[in-house]
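Please keep the viewer open while reading.

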Amino acid sequence: GTSLSTKKTLEIVLDLVLRNLCSVFQVVVEKKLMREKGLTRHDVGREQFVSGVWKWKEQYGGTILSQERRLAASLDWSRECFTMDEKRSRAVTEAFVRLYREGLIYRDHRLVNWDCTLRTAISDIEVDHKEIKERTLLKVPGYEEPTEFGVLTSFAYPLEDELGEIVVATTRIETMLGDTAIAVHPEDPRYTHLHQKFAVHPFNGRRLPIVLDAILVDPSFGTGAVKITPAHDPNDFEVGQRHKLNFINIFTDDGKINVNGGKEFEGMPRFQARKAIIEALKNKGLYRGDQKNDMNLGICSRSNDVVEPMIKPQWFARCSSMAEQALDAVMNEDRKIEIIPKQYALEWKRWLENIRDWCISRQLWWGHQIPAWYVMLEDDNLKEFGSYHDHWVVGRNEDEALMEANKLYPGKKFKIAQDPDVLDTWFSSGLFPLSVLGWPDNTEDFKAFYPTSVLETGHDILFFWVARMVMLGMKLGGDVPFKKVYLHPMIRDAHGRKMSKSLGNVIDPLEVINGISLEGLHKRLEEGNLDPKELTIAREGQKKDFPNGIPECGADALRFALISYTAQSDKINLDIQRVVGYRQWCNKLWNAIRFAMSKLGDNYIPPEKLAVEELPFSCKWILSVLDKAISKTVSSFESYDFSGAASAVYSWWQFELCDVFIEVIKPLFNSSKEFESSRTASRDTLWVCLDNGLRLLHPFMPFVTEELWQRLPQPLGGCSRKESIMIAEYPSVVEAWTNNEVEDTMQIIESAVKSLRSLRPSSDRNERRPAFALCATDNVANVVKNHEFEISTLAHLSFLKVLSGNDAPPAGCVVNIVDEELSVYLQLQMAIDVEAEREKLGKRREEIQKQQSNLEQKINASGYREKAPQQVQEDDLAKLNKLMQELEIVDEAERKLNTGNNGMS
């Protein structure tokens, strides 16, 4: 409800809107093609496929935005944009060109993380790592049968010149088709005779040199001999560079064995080839067994495919200098960026200190096409696209690329063709704080709002997105893109499982808001991209978690539940029943307003100002605790403790306004004229509480608070009142309302009420009963006498009498010890179970004695008097005296119980 007119208040709240949408759209459409027509994107062609993705985007791309609108996200919708619209695309091109010309973007043949399902390279942080501790069967996309991992397979390579064999081991036996060497440690005596010798590949006859490498080889591990596949392993890649080995890629882009793998295995999917190679080795007598082996398996976070290291020509961004700036922005003493919760700053440090160059090219068809052109010279010997590493030019458009090519090859005949690859979606998303404000132009928005104030997003994309925004923002925008980063927890199901369509546990917020039947949940699954097996599993999951579907909860209840859950900081185990509970609480708010309206009356006019000093006790109290709730809520907002803010608001409404104040003032509206002044004061106080309370609650529950606030009577001259609660002033602390003395008194009252209520038997129908109070001090006795009305009303008593020190309670009373200064008695119109009362007092005695023993042990501990601060010692002594006084009260209660003066049976 605050204005976005100043630089300090502008917030970017993007979150899911930008979450990898380019790749998500492509994956969804590709799965749809395969499921419905049995075709891949390569079957239909780039132009038709991209056209299909645009249609899908137009149909479904607004889903997240419609969800945010239904959840009442208060955003400036006039600024809505898409990362592939014209303005954002221009910014992406400009950024690429500038970074390239500064030497921060380059093209090279490197080992990349290749996804055989998506047929594209992915960055390091798109790879999830699964620890394998034993033989493990995993479902891999594209394979009907699960594949076994966690197995170390040993086999022998024959040596030239009849020197015997050399045994190696691997967890990826299929890669042996691309082996180009065997490495041993130069000081390993077992292999001295093999220095400068060769092994022979059993399937293609390739000569494999025995290379000496002290960096890679540990002679104490396994056989001390290591197979080297430079094109398919990061460590082997470095060995290949050190020893100038051949780099032989044996996989097609979709993960099949290519022509380099030999005719015997060509065309086989890689994990089928794994089995075939083992059989072939057995037939040749070269198989040497297998054993379980710990391994770290890379899994693509988007497709769940097993990542394959492959050597590919790709575009890279140099990250070291940019990462250093981003690291300093968070970790320096005069930090420019604060990350909340602060523990994620350490993860920021760990990632950026170990950052590698970023592979920014993707072999997808949907996205920002890389603004680089390959120059094909007429006199080139190799005519294949991309054959020459130095034939690339970069420009903002084709005309600019032609100019660059003419500068590079003056007077030569050539043609140019744009790189078909697209940029990693996080490259364009990383520019969003710049591009959304008009960069690269120095627009008025950019001058006014950059850097922005707050970014809110999930901690799972801290490095996918946030780190890239900071690096690119500081490099291209000249400053950090925002001052604070608030990372919210990730939503999981009630069992703590990650939400997955294949598990059937994905919850659409609209289904919680509107409600949905189990049949409706099943229908949504059937409209998705699940295969028949996954669909069956998902249906069963939904039937187990939502046997009756999801009840209608409304947006307010869902918002309040999610905000309350933020206390978990890491993840939210979303239980729909908790949301249902807040829906029921909305009903309680409605009933509170309905009660208020009935008591205020049709002609009620709110006061311009309350004379607080003239108000009755309960009115002074509710205003004082309201003031504390306002202070706690505002301070919690300022420190991004949203759960603390929600708790403060909820506690005031539920436990103080509804449970205490409204219950206390109810009798005033059913009484004679003698209470007229109290009724008037209570009406005015109630209106002030509801007006402030609804405005305090509005950011959490915008819909119900707007509706209820509009129903409240307006002060005279209602023109001063805003037309919507959204733009009304948020409550602030009113010093005149604070009254600690009144709050201390109410604490005694509430303690007495709680103790009296606990004395009622479970069969009690809340009949009004007599009660008595035994007070150890005049102060407490005066509180009870002066506030008999409040205690009797809240505890539902017929009367309350203060006993003197020598008075015994009447017959038929049960007792409860409130504290060392107060005991309460409730007279029941039934026989008292003496043994039960004795047992209750005995348990209270044991509880007090246990606390006393622990405290005495602490006080008598060695060094306590020398080391403990004087204030702590005084507090401990006061606690000990309090416990001893409570023991005396228990003794007295037991004495009276045993004398039979109460007429107990």
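1. A salt bridge here is a side-chain nitrogen of Lys or Arg within 4 Å of a carboxyl oxygen of Asp or Glu. Arginine 190 makes one with aspartate 188, with the closest N and O atoms 2.8 Å apart. Buried means under 20% relative accessible area, exposed over 50%, and partly exposed in between (1.4 Å probe, protein chains only). Arginine 190 is partly exposed at 39%. Aspartate 188 is buried at 4%.

2. Some ground rules. This is a predicted model, where local features need pLDDT of at least 70 and side-chain atom pairs count only at pLDDT 80 or more, while totals for chains, interfaces and linings use all residues. Residues are numbered from 1 along each chain as its sequence is written, and side-chain values use heavy atoms, without hydrogens and water.

3. The chain is split into domain 1 (151-293), domain 2 (321-353 + 451-488), domain 3 (491-552), domain 4 (606-738) and domain 5 (756-900). These bounds come from an automatic or database domain assignment. The C-alpha centres of domain 1 and domain 3 are 46 Å apart.

4. The whole structure holds 47 salt bridges. One of them pairs aspartate 419 with arginine 107 (3.4 Å, N to O). Aspartate 419 sits in the loop between strand S21 (414-418) and strand S22 (422-423), and arginine 107 in strand S2 (residues 105-115), so the pair ties together parts 312 residues apart in sequence. Helices (H or I, at least four residues) and strands (E, at least two) are DSSP runs, numbered from the N terminus. Aspartate 419 is buried at 2%. Arginine 107 is buried at 15%.

5. Arginine 679 bridges to glutamate 676, with N and O 2.7 Å apart at the closest. The two are three residues apart in helix H22, about one helical turn. Arginine 679 is buried at 9%, whereas glutamate 676 is partly exposed at 36%. Elsewhere, salt bridges with shared partners join Glu94, Arg98, Arg101, Arg396, Glu400, Glu404 and Lys407 into one network.

6. Check the backbone too. The bond from isoleucine 340 to proline 341 is cis, with omega near -5°. Proline 341 is in the loop between strand S16 (338-340) and helix H9 (344-353). The bond from tryptophan 439 to proline 440 is also cis, with omega near 15°.

7. Which phi value does tyrosine 640 have? Tyrosine 640 has a positive phi of about 60°, although it is not a glycine. Tyrosine 640 is buried at 18%.
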